[in-house]
Every structure is written in structure tokens, then in C-alpha cells.
Amino acid sequence: MPWPVYLALKQLFPSGRRVPFFTLISVLGVALGVALMLVTMSVMGGFGHQIKTMIIDTQGEVQVKASLLLDRPAAAEVEKTLAATPGVQAFAPYAAGMVMLEYQNRPAFPAIQGFNYAQMKKVVPLDRYLTAGSLEQLDDDSIILSSILANSLGAGVGDTVSIYSPLALERARKNELLLPRDVRVAGIFAVGHQQLDSSTVLCSLRLMQDLYGLEQRVHGYNVRLQPGADEYAVAAALNRQLPADTRAQTWFESNADFQAVLAFERNMIFFLLTFIIVVAAFSITSSLLVTVVRKTREIGLLGAMGGRARHIAACFCVQGLVIGLGGTTLGLGLGFGLLHYRNAVVHLIAGLTMGQEVFEKFYQFSSLPANTEPRDVVLIIGFSIVASTIAGLIPAWRAAKLQPVEALRSE
């Protein structure tokens, strides 16, 4: 073992003595920073993974959208292309738009999507998110409401609501009257996504086509891929074969604005949390500087015995590296432990503050999702170790500058 490394270890962990206070505080500072970064990034990744799952479960991995409308011949050509593309497991046509709902003089203006249930159930697992009613009862005279929308209207399963279509405005210009369509609420669903749960209506494809006067035309297709298929590769393959006015988009591209905001928030949180490691690095620097002052005579003695400046500097850099390794290891253990018991911590906080039911009502979750990306763990480990090692450079430079004669005269 090189003597600078040996002296560094002896300085940090003297034999026959407890771990020095400065060493313990420095290690704990790095550990707390690593644990907080790991927990925060994992929880943010969990919410992102949960949102991704919700989007795919309601749209599919890929959506084929037409710039205008797909008539029956064009739709048949798209279906032929989808069926022949490797990686495509199932697909279903849809038509979407906006309507006005009214129930007991309470209006709402949600988005509406019509689909063929026999085909859509192979693409979108809507049964998983249904909280009341049944999809089997969905027909051309019924709809399914999102949970928050149903609460705002005060409508439940079996109630009759009125749908006002934009087609009524076109008929009004021709001095024609189009009465609202009275439909029954066949079910209520809750995805867990605020936007989807607050303003979404699902109906049969035939009802949607009637409301918008689409005849047999559709807006596009939701596509479910085979397990392990790359959505970007499948979308690229589809775009090479689809008509010019029709484009395949991945779930990420269809929700690019929302995903960009989520990624920006995640990166900003990571940037802010890095300052915890920076503060811990400053504590390492200060403790090692104190060591340089206290060990000035010993450093002078090493120089007088032939120790070179770079060896003396390496001794303090190694101390910063060892503190970084120890703090990172302890922090990873603490972080993964907190992630394992995160839901118990959330329930404890909810119970001590506002109560579990009130907490779920206002914050819309009772358990924290977590998804730890390997690249995040590698980034956290690398940053903490590098920051700790750099923290030893200033004390190392200070020690290397000491002249042996002057250091031996130090009192």
C-alpha cells in the first residue's frame, strides 16, 4: 500500500480510537445528501413512470392521426398498413372532439372520444380504471364519465345527461334546429391523471360519428404494441408506409409539452439538490484544513524525510475520496431504506397532520410511487464522489505548499 494512502486511512480511522468527530460529520453530510437525492429522484421518476403508464393505458404506445378525416377507403388502407407492420399487436379506430354536457342545469365542456369497444379493449385496458358501472353496458345511447367530471355535474350511473354537439352551430347557420342528445351514464372511470379525470367523456364510435356528422369517418387509430417492441422504431416504420396526410406518433410525441415540463421540473430539482452535496463538500474542506493546521509539524517532518509535495497532497485527496466513498455507500443504504418504507412514512405524516382521508382528498394519492433509474444512481454516485474528492484539493494544495523548515518551526 502506498504510504500516502496508508497515512490518509490512519488519519481518518486511528487505530484503537473511535472515529474522529470531523470524519463522522463529513461522512454523514455526504450520506444525507446522497439519500435525499436518491429518494427525490426516485419519487419523481415514480410519478413520471405512473403518468407514462396512464397515457399508454388510455392511448396506446402509438397513435395514428390524420390531418383531416379518414374515410372508409383511407381507413382500410391504414388498417392494412398497421396489420402488416412488425411489432403491432392490436389497433382500434377513434373519433374525438369537444362537446357540452348538461345535467340538472349544470353545464360542462369536456373532451369526448368515441371508440369501438370490441376493438378498443384489445388496446386500452379501460376495465382497470372503471370505478362504477360496466363497459359491457356501453352502447350508442350511453356514455362513460371521468370521476371528477361526474362529481362536478352531480351525475351517477343510470342518470341521463344531455349532449350538445358543435354540429348544432352548423345547423343553426342553415336555420335548422338540432336538439341535444339525451344519453345514459353507463359508467365512471378514474385514471389518476388530473386532466383526464376532470374533463373526459367516452362513448361508442357510432354515437361520436352521429354527434359530429362524421358518417363512417374517423380521426385516427390507437395502437398497442407487442411486449418489448420499440415504439419509436414502429412509429418510424409506419410513417414510411402511411399516406402523406397521416402520421404515426409515439405516446411521448403526443404529450410532448407535458413531458417537457415534467423533465424540466425533474432536472431543476436535481440541480437544486446538488447544493446539499456541495455544502457537504465544504464541510470536508473545512475539516481537512483544520487537520492541515493541526498537523503542520508532521507535514514538515514528512517533507524533511524526503516526501514529495505531490505525495503529501495525495494524502489529503485520498481522505476526501474515502469520505466520499463512505458517505455515498451509507447514503445509498439510507436512501433505499427510506424508499422501502416510504408509504409508511407518508401514512405517518398524514395521520399526524390532517388525517388520511383529508390527505387523499387534497393531494390525490395515498402512496408514493417510486421508480429508480440506474442512470440516476450512477449520476448521484459519480457526483458525490467527485465533489468529495475535489473538496480535498484545497487542503492538499495548502499542505503541499508548506516548506519543511517553516513547518517544523510551527508552534
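## Helix 2 and helix 16

Helix 2 and helix 16 lie roughly antiparallel to each other, because their packing angle is about 160 degrees and angles over 145 degrees count as roughly antiparallel. This is a predicted model. Helix 2 covers residues 21–59 and helix 16 covers residues 374–391, and their axes are 10 Å apart. The crossing of helix 2 past helix 16 is right-handed.

On the helix 2 side, the contact is made by V30, V34, M37, L38 and M41. On the helix 16 side, D376, V377, I380, S384 and S388 take part. Sorted by type, the residues of this contact are 7 nonpolar, 2 polar and 1 charged.

## Strand 7: two faces

Strand 7 runs over residues 142–146 and is mostly covered, with 5 of its 5 residues buried. In a regular strand, side chains alternate between the two faces of the sheet. In strand 7, S142, I144 and S146 point one way, while I143 and L145 point the other way. Residues pointing either way from strand 7 are buried.

## Strand 7: its partners

Which strands pair with strand 7, and in what sense? One is strand 9, residues 181–189, which pairs with strand 7 in the parallel sense over 5 bridges. Within this pairing, I144 has G187 of strand 9 as its bridge partner.

Another is strand 10, residues 200–204, which runs antiparallel to strand 7 and is joined to it by 3 bridges. Here I143 stands opposite C203 of strand 10.

Methods. Residues are numbered from 1 along each chain as its sequence is written. This is a predicted model: local features need pLDDT of at least 70, side-chain atom pairs count only at pLDDT 80 or more; totals for chains, interfaces and linings use all residues. Side-chain values use heavy atoms; hydrogens and water are left out. Axes are lines fitted to C-alpha atoms, for helices over the stretch in contact, and angles run from 0 to 180 degrees between N-to-C directions. Helices (H or I, at least four residues) and strands (E, at least two) are DSSP runs, numbered from the N terminus. Angles under 35 degrees count as roughly parallel, over 145 as roughly antiparallel, 65 to 115 as roughly perpendicular and the rest as oblique. A crossing is left-handed if the near helix is turned anticlockwise from the far one by less than a right angle, and right-handed if clockwise. Contact means heavy atoms within 4.5 Å. Ala, Val, Leu, Ile, Met, Phe, Trp, Tyr, Cys and Pro count as nonpolar, Asp, Glu, Lys and Arg as charged, and the others, Gly among them, as polar. Buried means under 20% relative accessible area, exposed over 50%, partly exposed in between (1.4 Å probe, protein chains only). Two strands pair if DSSP finds at least two bridges between them.
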